[in-house]
Amino acid sequence: MYKHKDKRTWHAGKQKKKPDYNPGTVTEELLEAVVNAYEGLDEHGKHPSLQAIVDELDCGLNQLKVRKLLITAGEMRKVGEMSRTGISKAGETQGQKIYQSATADEVLRFWKNGKTVDEIMSVMHLSRASVHSYLPYTKIIYKMKESSVGADRMKLYRERKKAAAKLAVEPTAENLWKAIVAFQGYPFKTSKGLNFTYKVKGGELFFSRKEKSITRATVDIAFQKALELGEKATGPKKLGVFGASYLYQVFVRLGVIHPIEKAVVIEFQECYIFSVLGEK
């Protein structure tokens, strides 16, 4: 007996894995994220390093691409092309640079005066990669890793930023745990400069450099201790809990702890000693 087969619908071309993916939007979000990270000054009024931004965004960037994105954002800001992102509205802050560098200024000056990349390389004794890193993108970011992964990474970046901001406004144990969940997989460093990450499983933290897990109860105890100590939380030992060397760095990144730079502490100690000697 003949069986009727349903008609198949044929589509030309390969079906998109992410039909809602818009490279232009991802590019703007990436520019916004890089600029926001760079313009977040520390307590001494200094910009973060390019590597710090690479670690912060964790989306396949390297230092050269971060610099190129910052220069691109600066050039777009000059002509008021970034109205959608909130970095700058049309006509606002025209002519203002974002990335401050004498080398960048020189490369851009040569480039705008018609010099080729080879000529700039020869005059400034820079490699081709370095010269390109000082020049802005002239079109939507091509098939770079940031674009393919960008939509997901930028979403994660926004979630982390939102969680940290909420924790800053309402420093509760519940908001802390939500922030910790959001930051799992984030590249942290110990005080000795060793890289580590962590995963959250149930009510436990599993750190990449530690065999035993840290419970949520331990995290809560360390959190309360950090809040009580405030500026006196000058090191992991002050928290007095298991896994403090890792939790301390997590708390610093989440804004729970604001460490005083060693240079400042030393300067304060020296001033104190001199003042005591002067009184005698």
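Two strands pair if DSSP finds at least two bridges between them. Helices (H or I, at least four residues) and strands (E, at least two) are DSSP runs, numbered from the N terminus.

Let's start with the sheet. In this predicted model, local features need pLDDT of at least 70 and side-chain atom pairs count only at pLDDT 80 or more, while totals for chains, interfaces and linings use all residues. Residues are numbered from 1 along each chain as its sequence is written, and side-chain values use heavy atoms, with hydrogens and water left out.

Three strands form an open sheet in the order 3-4-5, with antiparallel pairing. Strand 3 and strand 5 are at the edges with a single partner strand each, so one side of each has no neighbour in the sheet. Strand 4 and strand 5 run antiparallel and are joined by two bridges; Leu205 has Ile214 in strand 5 as its bridge partner.

| Strand | Residues |
|---|---|
| Strand 3 | 198–201 |
| Strand 4 | 204–207 |
| Strand 5 | 214–215 |

A cavity is a set of points on a 1 Å grid over the protein atoms alone where a 1.4 Å probe fits but cannot get out, and lining residues have an atom within 4 Å of a point. Searching the whole structure gives one cavity of 30 Å³ or more. The largest cavity holds about 90 Å³ of space, a volume being the space filled by probe spheres set on the points, which are joined across faces, edges and corners. It is lined by 11 residues, and the closest to its centre are Ile71, Glu75, Lys97, Tyr99 and Leu108. Helix 3 gives the largest share of this lining, five residues.

How values were computed. 1 Å grid on protein atoms, 1.4 Å probe; cavity = no way out; pocket = protein on both sides within 12 Å on 5 of 7 lines; lining within 4 Å.
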